[in-house]
Amino acid sequence: VGAYILGEFGNLIAGDERSGPIVQFKLLHSMFHLCSNQTKYILLSTYIKLINLFPEIKGDIEEVLGNDNQLRNSDAEIQQRAMEYTKLSQIASSDLLATVLEEMPQFTERESSLLAKLKKKSNTLVKERDILDGDNTSTQNGTLPTAEEPPTLPTPDINLVELESGTPEDSPVLSNHTAPPPALSDVLPAGPPAAEPSLLDMFGGAPPAQDPTKVQVVTGLIECNEAAQPNFKAFICSRNNGILFENEIIQIGVKSEFTGFEGKLQVFYGNKSPLPLQGFNTTLYISPADQPCLRLEGQRVPQLISAGAQIPQTIKATAVTAFAECPLIQITFSAAGNAHNMVLRLPLLVNKFSKGTGMAAQDFFVRWKNLNLPAQECQKVFKASKPMDNDLVRGKVQGFGFQVLDGVDPKPENLVGAGIIVCEGSQIGCLLRLEPSKPAQMYRMTVRSSREGVPELLVNLLSQDL
């Protein structure tokens, strides 16, 4: 159990010197020779997971995996795992390694096939018993044929006939089969009402209906007026709560909290006008590139907001992996006979799922040097847009999701930080170095990460608020 937990979540305690990466590995391996073969299988899997979490101890673990005690072990499973894990650590890139060794998914219980057959058999016996007991006047699908009445084709459980009189006697479908059959044009009218099912619905070709209690989430692009949110940059580092948009008619605020790879946003809509807002509706938009990376769901809001009233809307987010753009929310309503349509950015950014982590100076530079691929680093030189106050910058870096590491950089004016982006299927380590130049009023920011493409996302975000 200890091996499994450290392999999956050992990085969460690695900031403490008493439980650093090499301490975890040596503690586990000190018990290796005392364990059963089944436990050794788990330990070997834990070792390769530790390589993914802590690249700086890769050499120590490869030495154990490549030892003859494992490669020539009499147990075929130990031999196979040692050989495969050794090759995997040698030839796989860090991104591939992180994908292969991502966190184990939650186990889904499956119903026993024997129980399913018993339930099906039980239902069949109940139906047969009802028929034998004399309940032959009706079945689940319709009327049973009798000797006096010729059998008829079953009628679909769909209202395909529009009744004008509204009385059952006028309907050929509901009569006692004495009237002539309806014409084909009456049964299948050329323009059926929109509320009734179409042929695609009958044969399963149409998409499932939208849950009326859930907000609609659309994968696509929509134009957003960024000028309508001049204070949006404040949400990048410093805020989780605040006003998203406000005019003379409506005020839209947000309150958010993030735990691990899950986030919860409470969006508040306040009617500032003396008249009600009618036809109120919201729609969430995710860019096609981010659709596999971010999952959204939320409740639908009432269509009427009375004068002076405020209504909340809860939106839940799951970071499957790192995503590039914040989702958009389209808000439509009418007030005093005028239609309003606005598209706003939600403060749901990838750094909101990041948490700072501590480490010693030696560990920082070892990890920094190991992240040496071009796609694992992004550097940007830019002009400072705000006063270059040390305490202010330090607060922004910590609010962004990095823990500032003191005494690591040889130059005391530089800021060094470390953080972990927590996703549903993996955890992405990130390192930051920020070099200010007060005479030139400029910064040089460098970010390195174990996941390719992530450094560019973080640099572009953090530089906006500096």
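Predicted model: local features only at pLDDT ≥ 70, side-chain atom pairs only at ≥ 80, totals over all residues.
Which strand supplies the largest share of the lining of the second largest pocket? Keep that in mind while we walk through the structure; the answer comes once we reach the pocket.

Residues are numbered from 1 along each chain as its sequence is written, and side-chain values use heavy atoms, with hydrogens and water left out. Helices (H or I, at least four residues) and strands (E, at least two) are DSSP runs, numbered from the N terminus.

Let us begin with the sheets. Two strands are said to pair if DSSP finds at least two bridges between them. An open sheet of 5 strands runs in the order β2-β3-β4-β7-β6, with antiparallel pairing. Its edge strands, β2 (241-246) and β6 (294-298), each pair on one side only. On average, neighbouring strands of this sheet are turned by 25° against each other, direction ignored; such angles are taken between axes, which are lines fitted to C-alpha atoms (for helices over the stretch in contact), and run from 0 to 180 degrees between N-to-C directions. Within the sheet, β4 (residues 262-271) and β7 (residues 310-319) run antiparallel and are joined by 9 bridges. Look for tyrosine 269, which stands opposite isoleucine 311 in β7.

Another open sheet has 4 strands in the order β1-β5-β8-β9, and here the pairing is mixed. The edge strands are β1 (216-219) and β9, each of which pairs on one side only. From one strand to the next, the twist averages 25°. Strands β5 (residues 278-286) and β8 pair in the antiparallel sense over 6 bridges, and the partner of tyrosine 285 in β8 is leucine 328.

Most residues other than glycine have a negative phi. Alanine 336, however, has a positive phi, near 55°. With 58% relative accessibility, alanine 336 counts as exposed; the cut-offs are under 20% relative accessible area for buried, over 50% for exposed, and partly exposed in between (1.4 Å probe, protein chains only). Glutamine 441, in the loop between β14 and β15, also has a positive phi near 55°. Its relative accessibility is 32%, so glutamine 441 counts as partly exposed.

Now turn to β13, where 8 of 8 residues are buried. Both faces of the strand are covered, with Leu415, Gly417, Gly419 and Ile421 on one side and Val416, Ala418, Ile420 and Val422 on the other. Several strands pair with β13. Strand β10 (residues 354-356) runs antiparallel to β13 and is joined to it by 3 bridges, with serine 354 opposite isoleucine 421. Strand β12 (residues 403-404) pairs with β13 in the antiparallel sense over 2 bridges, and valine 404 has glycine 417 as its bridge partner. Between β13 and β14, which also run antiparallel, there are 8 bridges. Here glycine 419 stands opposite cysteine 430 in β14, and a hairpin of 4 residues joins the two strands.

Which of its residues are buried? They are Phe364, Arg367 and Trp368. These residues lie on the same side of α12 because they cover an arc of only 105° around the axis, the arc being that of the directions from the helix axis to the C-beta atoms. The opposite face carries the exposed residues Gln362 and Lys369. The buried residues of α12 pack against α2 (21-29), β13 (415-422), β14 (427-437) and β15 (442-449), where contact means heavy atoms within 4.5 Å.

Finally, the pocket. About 900 Å³ of space lies in the second largest pocket. Its lining has 45 residues, and those nearest its centre are Leu53, Phe54, Pro55, Glu56 and Arg367. At least two lining residues come from each of α2, α3 (37-53), α4 (58-65), α7 (94-100), α12, β13 and β14. The opening question can now be answered: β14 gives the largest share, 5 residues. A pocket here is an open set of points on a 1 Å grid over the protein atoms alone, where a 1.4 Å probe fits, with protein on both sides within 12 Å along at least five of seven lines; lining residues have an atom within 4 Å of a point. Grid points are joined across faces, edges and corners, and the volume is the space filled by probe spheres set on the points.
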